[in-house]
Amino acid sequence: QTNEPWYSRSPKLFTVMGVDVHVSPILYVYIGITLLFAALTASFFWFALQAFAGALLVFTVLVHELGHCAAARAVGGQVSHILLWPLGGLAYVNVDSTDAKGDFFVSFAGPLTHAPMLAGWGAIFALATGSADIGNWPRDNFIGALAYEGCWLNIFLFLFNVCVPAYP
């Protein structure tokens, strides 16, 4: 028996940057349900966009959590693993040996990863649509629509994490 919460006892999917990444089975169920609804209610364009946007969300959350892990290691902390689940991600890090400045660095490193991802998706959006105005959703342009989703996803996740931080 363990004191570890049920949601952190998820199977390991892979290792990246020396960090084990675990994925909750509930996340697979959530993705399956969203894809099922997209398949039943929309065209193939919308289904494909939903599938790619789901993968984009998982990738974005993973990069965000890896930002926390890299910062924890930079201040002398230890990294156990990352858990991806329907409410986002959790980086299991230990930075007990650091001060408030180190804690802040680790906390803010995750949201900082959204800046380069936003720049990348913005560049793809501009190339795909011929415009840098991410205020207009591009109709009938799959790459443009996916880039649009990538831009707004990173903006919203940055703002959410900065305005509603979830300190460990």
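Modeller: Let's start with helix α5, whose buried residues are G144, A145, L146, A147, Y148, G150, C151, L153, N154 and I155. Keep in mind that this is a predicted model.

Biologist: What covers the buried residues of α5?

Modeller: The cover includes α2 (44–74) and α4 (114–129).

Biologist: How do you know what span to expect for α5?

Modeller: The rule is 1.5 Å times one less than the number of residues. Helix α5 covers residues 142–163, which makes 22 residues, and the expected span is 32 Å. From first C-alpha to last the helix reaches 31 Å, close to that value.

Biologist: Now T60. What makes T60 count as buried?

Modeller: Buried means under 20% relative accessible area. T60 has 0%, so T60 is buried. That residue lies in helix α2.

Biologist: Which residues is T60 in contact with, leaving aside its neighbours within four places in sequence?

Modeller: Those are H114, M117, L153, N154 and L157. Contact here calls for heavy atoms within 4.5 Å. Take L157: it sits 97 residues from T60 along the chain, yet their C-alpha atoms are separated by 9.1 Å.

Biologist: On to the cysteines. Why is C69 called buried?

Modeller: The cut-off is under 20%, and C69 comes in at 2% relative accessibility, so C69 counts as buried.

Biologist: And C163, buried or exposed?

Modeller: Exposed takes over 50%. C163 has a relative accessible area of 59%, so C163 is exposed.

Biologist: Let's talk about pockets. How do you find empty space at all?

Modeller: You roll a probe the size of a water molecule over the atoms, and that shows where empty space is left. Here the largest pocket holds about 980 Å³ of space. Helices α2, α3 (100–112) and α5 each give two or more residues to its lining, as does β4 (88–94).

Biologist: Which element gives the largest share of the lining of the largest pocket?

Modeller: That's β4, with seven residues. The lining has 33 residues, and E65, H68, G89, N161 and A166 lie nearest the centre. By type, the lining divides into 22 nonpolar, eight polar and three charged residues.

Biologist: What is the volume of the second largest pocket?

Modeller: About 370 Å³. Two or more of its lining residues come from each of α1 (25–41), α2 and α5. The largest share, eight residues, comes from α2. Of the 19 lining residues, Q50, A53, G54, L57 and E149 lie nearest the centre. The lining of this second largest pocket divides into 15 nonpolar, three polar and one charged.

Biologist: Stepping back, how many helices and strands does the protein have?

Modeller: There are five helices and four strands. From the N terminus on, they run β-β-α-α-β-β-α-α-α.

Biologist: And what does the C-alpha trace span along its principal axes?

Modeller: About 50 × 35 × 25 Å.

Notes:
Residues are numbered from 1 along each chain as its sequence is written. This is a predicted model: local features need pLDDT of at least 70, side-chain atom pairs count only at pLDDT 80 or more; totals for chains, interfaces and linings use all residues. Side-chain values use heavy atoms; hydrogens and water are left out. Buried means under 20% relative accessible area, exposed over 50%, partly exposed in between (1.4 Å probe, protein chains only). On a 1 Å grid over the protein atoms alone, a cavity is a set of points where a 1.4 Å probe fits but cannot get out, and a pocket is an open set with protein on both sides within 12 Å along at least five of seven lines; lining residues have an atom within 4 Å of a point. Grid points are joined across faces, edges and corners, and a volume is the space filled by probe spheres set on the points. Ala, Val, Leu, Ile, Met, Phe, Trp, Tyr, Cys and Pro count as nonpolar, Asp, Glu, Lys and Arg as charged, and the others, Gly among them, as polar.
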